[in-house]
Amino acid sequence: MKKRIFGILAAAIMLLPTLALLGGCGGKQADVILKVYSWAEYIDEGGEGSYLYDTLAEEKGEGAVSASDAPPILDDFEKWYEETYHESIRVDYATFGTNEDMYNEIVLGNEYDLLCPSDYMIMKLAAEDRIVPYDASFFDSADPNNYYVRNVSPYIRDVFENGTVTVTQDGEQAAHKWSEYAAGYMWGTTGFVYNPEHVERDDLEALGWQTFVSDKYTNKITAKDNVRDTYFAALGLTYEQELLALDKSGDGYNQALTDIFNRTAEQYTDAVGDTLLDMKKNIYGFETDTGKADMVSGKIWLNYAWSGDAVYALDEAEEDDLYLEYFVPEAGSNLWFDGWVLTKGVEERGTKKAAQAFVNYMSMPESAKRNSYYIGYTSVIAGENTTDENGEAYNEMLDYADWLYGYEFDPETEDEPAETVDYDLTYFFLGADAEEGQTVITAEKDSAEKRQLFAQFPPEDVIARCAVMNYFDADTSERINELWSHVKAETLDTWAIVVLCVAAVAIVAFVLLVKFGNKIDLFRPKPKKGYELVEQEAPKNDYEPVNKEKSKE
Amino acid sequence: MKLRFSRKTLCIPYAVFLLFFVIVPMAVILVYAFTDRNMHFSFGNFIKFFSDPTKLSTIVYSIVIALITTVVCLLIAYPVAYILARSKMKKKHVILMLFVVPMWINFVLRVNAIRELFNWIGLLGQANYFNTVFGMVYDFLPFMILPLYTTLMKIDPSLYEASYDLGGNGFTAFTRVTLPLSVPGIVSGVTMVFLPSMTNYVVSDMLGNSMVTIIGKFIYEYFGSDWHMGSMVALVLLVVVFVSTLLTGGFKSEENVRGANL
C-alpha cells in the first residue's frame with residue numbers, strides 16, 4: 001500500500017503540468033470517454049500512405065484524393081459506436097514506447113481502460129491482478145457486432161486458447177486461458193533483415209544464430225537494445241546445436257523448443273552471459289529504432305528485427321532500389337503477440353462495453369486491413385470464410401493478402417512471367433487442422449521465400465519453430481537485468497577501481513583541505529616569510545585564532 | 001479584506017515550485033533508493049551498488065568521459081572567448097552568434113547529423129568512445145563559450161594597462177590578470193558542461209551505437225525494471241555531482257581571493 005501512495009505522489013508531480021494543459025484544452029463532450037493506451041504508430045492515422053488513401057488513389061487517380069478522404073480510424077470508430085450503440089463516445093488515445101513505460105504508468109495508478117501490451121507483459125499484468133477478463137458476451141459469435149470472435153484467425157484463436165496465464169486474485173493463484181484476458185491485435189516473428197548484396201542466403205542458413213558472432217559480419221550486424229530480445233537471441237546462439245537436434249516431426253517439438261527459449265534459471269544465465277559478451281564484441285551496436293534506417297543507408301548488412309519492422313524496412317529500401325530480405329533461423333525464433341487487455345476497474349468506470357466494442361471495431365476486416373497496411377505488422381484477423389456471388393469461397397483478408405502480394409503477369413510492363421510459387425496460408429485462415437492447400441496465394445518466388453510476404457505472413461513451418469518467451473518474475477528479472485548491465489557497461493579490474501576510488505577520495509580531501517584547512521588549527525598555513533613576524537615568533541601553544549567573534553569580545 | 005502583496009506573498013509560487021519539483025521528488029528518490037520491492041527499509045541496493053564492479057566502473061567511465069569533454073571544451077572555448085572579448089572587430093558578435101546558433105537547432109537533429117558525418121568518414125561503429133566525446137564537445141561547446149566570453153568582456157582594460165606599466169609582458173598579463181579574473185567564467189562553464197555530459201546518454205547511444213554506457217543510461221534502464229536500484233544510481237550520481245560542485249566551488253573562492261589580492 002505504501003508503494004501506491006508514493007507512486008501516486010510521484011505521478012502527481014510528474015503529471016501536474018500535463019493535467020494543467022489538459023484542463024485548459026478539454027475535448028469534445030461525450031457520454032463515454034474511453035481511454036486507450038497503445039504503442040506509438042500502431043494504428044491507422046489516415047492521410048497519405050493509409051489504406052483508404054492508397055486504394056482510393058488507385059481507383060480515381062492520385063490527384064483526385066485528398067487527405068480528408070482517409071480519416072484516422074479513431075474518428076470512424078467514434079462514428080460507428082454512436083450509430084451502433086446510440087451513445088456518443090470520445091477516445092482518449094495515448095501511446096507508449098516500451099512495455100516497461102506502459103507498465104510504470106499503470107503501476108503509478110493511471111486509469112486507462114484498454115491497453116495493448118506484448119505477450120509477456122500481459123502475463124505480468126495478469127499475475128499482478130491488474131487486468132480483468134472479457135465478458136462472456138464478447139465471445140458470442142451470434143452477435144453481429146462481435147467482430148473479434150468471428151474474424152480472428154483460427155490459428156491465433158488456438159494459441160490464445162492453449163496458452164495459460166497465472167492470475168493472482170485475492171491472494172490465490174489460478175491458471176486461466178489467455179483468451180479470457182486478451183484479444184489479439186498484431187503478431188509476428190523475429191529474424192534477420194539482411195542485404196543480399198553483401199550477405200549470401202546460403203551462408204546465413206548455414207550460420208543461423210551464429211551470424212551474431214561470425215567474423216564475416218563483424219561490425220555489420222546489430223542487436224536490439226532491450227534485454228528480452230537480445231537475451232532471446234543469445235539463447236538461440238548458446239543452445240543452437242541442441243535446438244537443431246530436436247525432432248521436428250515429434251509432437252512435443254514446439255514445447256521442447258519453447259522450454260529452451262525460456263531458460264532463465266541461474267544454471268543457464270552464466271553461459272548466456274558469456275554469449276552476450278561475445279556478441280557485443282562482434283556487433284556494430286545495439287539499436288532501438290535506428291536499425292531500419294541503417295540498413296537502408298548501407299551502414300549495416302544485418303539487422304535483428306521484428307517482422308513488422310522488417311516489412312517496413314523492406315518497403316522503405318525498395319523505394320531506394322535496394323532489395324532487402326528477411327530470414328528466420330532454422331533453429332527457431334521468437335513468436336510474439338500484442339493484445340488488447342482490459343484494466344482493472346474498467347467495470348466500475350462503466351467503460352467495459354465501449355472497450356470491448358473498440359476491440360471489435362479494430363477486428364473488422366476493414367479495420368484490420370487499414371491498421372496492418374499503415375504499420376506493416378500482421379493483424380491477427382483472418383476474416384470470415386464466406387462465398388461470393390458466384391458461389392466461390394471468399395475471404396476478405398485473404399483477398400487483401402492477395403491484393404498486396406499476389407502475382408499476375410502484366411504483359412505491358414514485363415517481357416516474361418516471373419517465377420511464382422503457391423504460398424499456402426491455410427493454417428492461418430482455416431486453422432492448423434484444416435487440409436492444406438485451401439487458401440493459397442500465387443506470389444513471386446522471392447516475395448514468398450524471403451521478402452515481404454514471407455515476413456508478414458510466416459509460413460506454417462516457420463511458426464512451428466517459433467517460441468513465445470514468458471515473462472520474467474521479479475527475481476529472474478532482477479538477475480537478468482544485472483546480467484544485461486554487465487554486458488552493456490564496461491567493467492574495470494578491481495584493482496583499477498580501488499586505485500581510482502582512493503585517488504578520488506584523495507583529491508576530494510585535498511581540495512577540502514585547501515578550502516577549509518585554515519579553519520583547522522593543524523593545517524593552518526604558515527605565514528609567508530617577512531610577514532607577521534610577531535605571530536611567527538609567538539609560542540605555538542599561545543596562539544589564538546583571530547576571528548570576528550573573538551575580536552568583538 | 002484588503003489584498004496586500006508583500007514580498008513574502010510573491011515568494012509563495014517559488015516556494016511551492018521548489019517544494020513540489022525539487023524537494024519532494026528528491027525525497028521520493030531517497031525513499032525508493034533505501035527500500036526494497038515491498039517498500040521495506042533496506043540497505044540492499046546500497047550494498048549491491050558498491051559491491052558491483054560494473055556499476056562502479058560505469059561511474060568511473062562517466063566521470064572520465066565528462067572530464068575529457070570538459071577539458072576539450074575549455075581548451076577550445078577559452079581562446080575563442082578570449083580573442084572575441086579582446087578584439088576590436090566591429091562584427092564580433094556575429095562570430096559569437098555563429099558559435100551559439102547550433103543551440104537553436106534541435107539537439108537530436110544535430111546529433112543525427114554528426115552520426116551521418118561520422119558514417120561518411122567511417123568512424124561510426126569503429127571508435128565509439130571518441131565519437132561520444134566528440135558529440136558531447138560539439139553539443140556543450142556553446143555552454144562553455146558564453147560564460148567565458150561574458151566574464152572576459154567584463155575585465156576592465158585598464159587592468160591590462162596597469163600590468164604593462166608594472167613591467168609585465170603579454171604572457172604575465174594573461175597569467176596574472178586575465179586568467180585569475182576569468183575563473184568565475186571557467187567555473188560556471190565547467191559546471192554547465194561537466195554535469196550534463198555525465199548523463200546525456202542520447203549522445204552515447206546515437207554516436208556510440210549504444211555500446212558506450214554512461215550513468216544516465218543506467219538510470220534510464222533501471223527505471224524500466226527496478227525503480228529502487230534506479231533511484232540508488234540516481235542518488236549516487238547526485239552525490240558525485242554535489243561533490244564535484246563543491247570541488248569547483250572550492251577552487252573558485254580560493255582563486256577569487258588571489259584575484260582580489262592582485
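**Entry 1: B:Y201.** I began with B:Y201, which counts as buried because 22 C-beta neighbours lie inside 10 Å of it; a residue is buried if 20 or more other C-beta atoms lie within 10 Å of its own, exposed if 12 or fewer, and partly exposed in between, with C-beta atoms placed from the backbone. The model I am reading is predicted, with pLDDT of at least 70 needed for local features and 80 or more for side-chain atom pairs to count, while totals for chains, interfaces and linings use all residues. I note also that residues are numbered from 1 along each chain as its sequence is written, and that chains are lettered from A and ligands numbered from 1 in the order in which they are written.

I then looked up where B:Y201 sits, and found it in helix α10 of chain B, residues 201-207; helices (H or I, at least four residues) and strands (E, at least two) are DSSP runs, numbered from the N terminus. Leaving out residues up to four places away in sequence, B:Y201 touches B:I214, B:G216, B:K217 and B:Y220, where contact means that the C-beta atoms of two residues, placed from the backbone, lie within 7 Å. For B:G216, I wrote down a separation from B:Y201 of 15 residues in sequence and 5.8 Å in space, C-alpha to C-alpha.

**Entry 2: chain B as a whole.** Chain B has twelve helices and zero strands, and its C-alpha atoms fill a box of roughly 70 × 70 × 40 Å along the principal axes. Of the 262 residues in chain B, 34% are buried. When I took the contacts in chain B between residues at least 6 apart in sequence, 74% turned out to join residues at least 24 apart.

**Entry 3: the contact of chains A and B.** I looked up what each chain gives to the contact, and it takes 34 residues from chain A and 31 residues from chain B. On the side of chain A that touches chain B, α1 (2-25), β9 (285-287), α23 (474-488) and α24 (494-516) of chain A each supply at least two residues, and the largest share, eight residues, comes from α24(A).

**Entry 4: the largest nonpolar core.** A nonpolar core is a set of buried Ala, Val, Leu, Ile, Met, Phe, Trp, Tyr and Cys residues joined through C-beta atoms within 7 Å. In the largest one, which has 194 residues, A:A313 and A:F358 touch the most other members, and helix α6 of chain B (residues 128-154) gives the largest share, eleven residues. Setting aside neighbours within four places in sequence, I listed the contacts of A:A313 as A:V193, A:K292, A:M295, A:V296, A:A305 and A:L324.
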